[in-house]
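Thanks for making the time this morning. I would like to walk you through a few packing details, and I will give the cut-offs as we go.

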Amino acid sequence: MAKTDPRTVASLLREYAQRASMRGDNPYRIKAYLRAADSLTALSQPLDRIIAAGALTTIPGIGDAIADIVTKLYQTGTHPSLEKLREDVPAGVMELFAIPGLRPDKILKLHQALGVNSLAELEAAAREDRIRPVKGLGAALQTKLLQNLAIVRSGETQLHLHKAAALLEHAVISVKQQHPEFSRVEIAGDFRRGCELVSDFALVAQARKSTGIEDTTLRLVVTDRKHFGARMLEATGSADHLEQLKTFAADKGFTLNADGLHRGRKLIASATEEEIYQALDLQFIEPELREGRDEIERAAKQKLPALVRDEDLHGILHSHTTASDGTETLEAMAEATRKRGFEYYGVADHSQSAHYAGGLSLQEIAEQHREADRLNKAYNGKFRILKGIEADILADGSLDYPNHILEQFDFVVASVHSRFNLPKKEQTERIIQAIGNPRTTIIGHMTGRQLLRRPGYDLDVDKVLKACAKHGVAVEINAHPWRLDLDWRWHQKALDHGCIFSINPDAHSIRELDHMHWGVEMARKGGVPAKRVLNAMRLTTILAHLARRRQTS
């Protein structure tokens, strides 16, 4: 029997997990299956070779039990337990797992109560108002399904940045171990371009000679030193950028292909990307900007900005502690921030209306401020805790807490956490009203999107950005990899309007402080320079900035 290819094995393992979840199996086991399926989409060597070497358990997320399942799936294209699970519901029901946020128990209910066996049947049931009257489903779910059907996508191997990073870092290590003759291994593809969702798992390796591409789920390009830059450029993309770059080169009398930049038969540049852009009289175009927008035109005029870098940021704003829904104390979060080399930590726990997140009462605010004062005294000016709050924007656009309470904070992050489904005009006016409040410092996760989970709410983003520029309110680039909001495609418009940004981790744990990097990636992709980032200010500068805002409020 022909062996099953790795992507099919990953798909079967994902199906195994999904069917088991509908039976109510252990959720931790389900997550382990799904993580293993993700890992199979970025293998650095052929699956048959890994199995033959008994090395499946070296892949992230695969232990002995899952290794046995993967081996059986690879060898036979199925598994006895999977076949038994398939007796419960038809294959078409699995399509419903593509709907963001639709839980397995709801999928089963839709199948059993309404006979829904596919995405098409689900959409029909929702549009015909058949979901609303069913106990356990209801009107809210029906509305949510109609919204989320619009963002269903076929690319099931798309991963959030942080998940793709773990797989690609493992792949680099594996390739180096398997091929000690490779002098260099670099990540390419859409991850290198800082795309918020990653599907092109690509590496470029340098060897003594080019050997082509191995047949793995990972795209591994092997080239020599002479052509490394050209291959890296090609493997990074995007397709639109490369097409426009080739046209630009042709207009100048060159030919650009995967081997490098040529004039006639003569190779002009290929060893580095910098040489290729320089030979075309272009400013170097950072990978994050290579999306086929206007980057080549701007590079020709030497007008590309110096993009913000991780090391440009001097503090963290918008982070949570155990006072609301975080997992660590204020002292622990502040100390972890200090040890990461930052100069200040801005705590911004949830406000009182956020009952679901343990929003702070007035007494709890006073207690947190006393604790911040105690810690700041111990830091003796070498580090600073900034007293902030993430204040809910209420339905009428007012902020949670009266103004005399808001005045007690160093900064205020104003965010929407309810009433996502307001009409576009009302939602826009609601947020603009909050921006106009002189106590507002930052507008948090502006559109409320969650990648692969839910779309942002209906909003006139351009009007909101103009309001932020008018009132000097920073636009948050929420660095949590599930959000990455505001979408980088709006960043240039915000810059043109005169907005400043704040790159915030929205951290609820010490580990999540490191999400800052993904926010920087989004800012870079949007063309944001450090001088337009609030928390690129040094401690003394941001203290003066915040003091001025409080004085004029």
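In α18, T428, I431, I432 and I435 meet K463, V464, A467, C468 and H471 of α19, where contact means heavy atoms within 4.5 Å and helices are DSSP runs of H or I with at least four residues, strands being runs of E with at least two, numbered from the N terminus. By class, this contact has 6 nonpolar, 2 polar and 1 charged residues, with Ala, Val, Leu, Ile, Met, Phe, Trp, Tyr, Cys and Pro counted as nonpolar, Asp, Glu, Lys and Arg as charged, and the others, Gly among them, as polar.

This is a predicted model, in which local features need pLDDT of at least 70 and side-chain atom pairs count only at pLDDT 80 or more, while totals for chains, interfaces and linings use all residues. Residues are numbered from 1 along each chain as its sequence is written, and side-chain values use heavy atoms, with hydrogens and water left out.

Turning to α22 (residues 539-552), its buried residues are L539, I542, H545, L546 and R549, whereas T540, Q551 and T552 are exposed on the other side; buried means under 20% relative accessible area, exposed over 50%, and partly exposed in between, with a 1.4 Å probe and protein chains only.

Finally, S238 sits in the loop between α11 and α12, and counts as buried because its relative accessibility is 8%. Not counting residues up to four places away in sequence, S238 touches R193, R290, E291 and G292.
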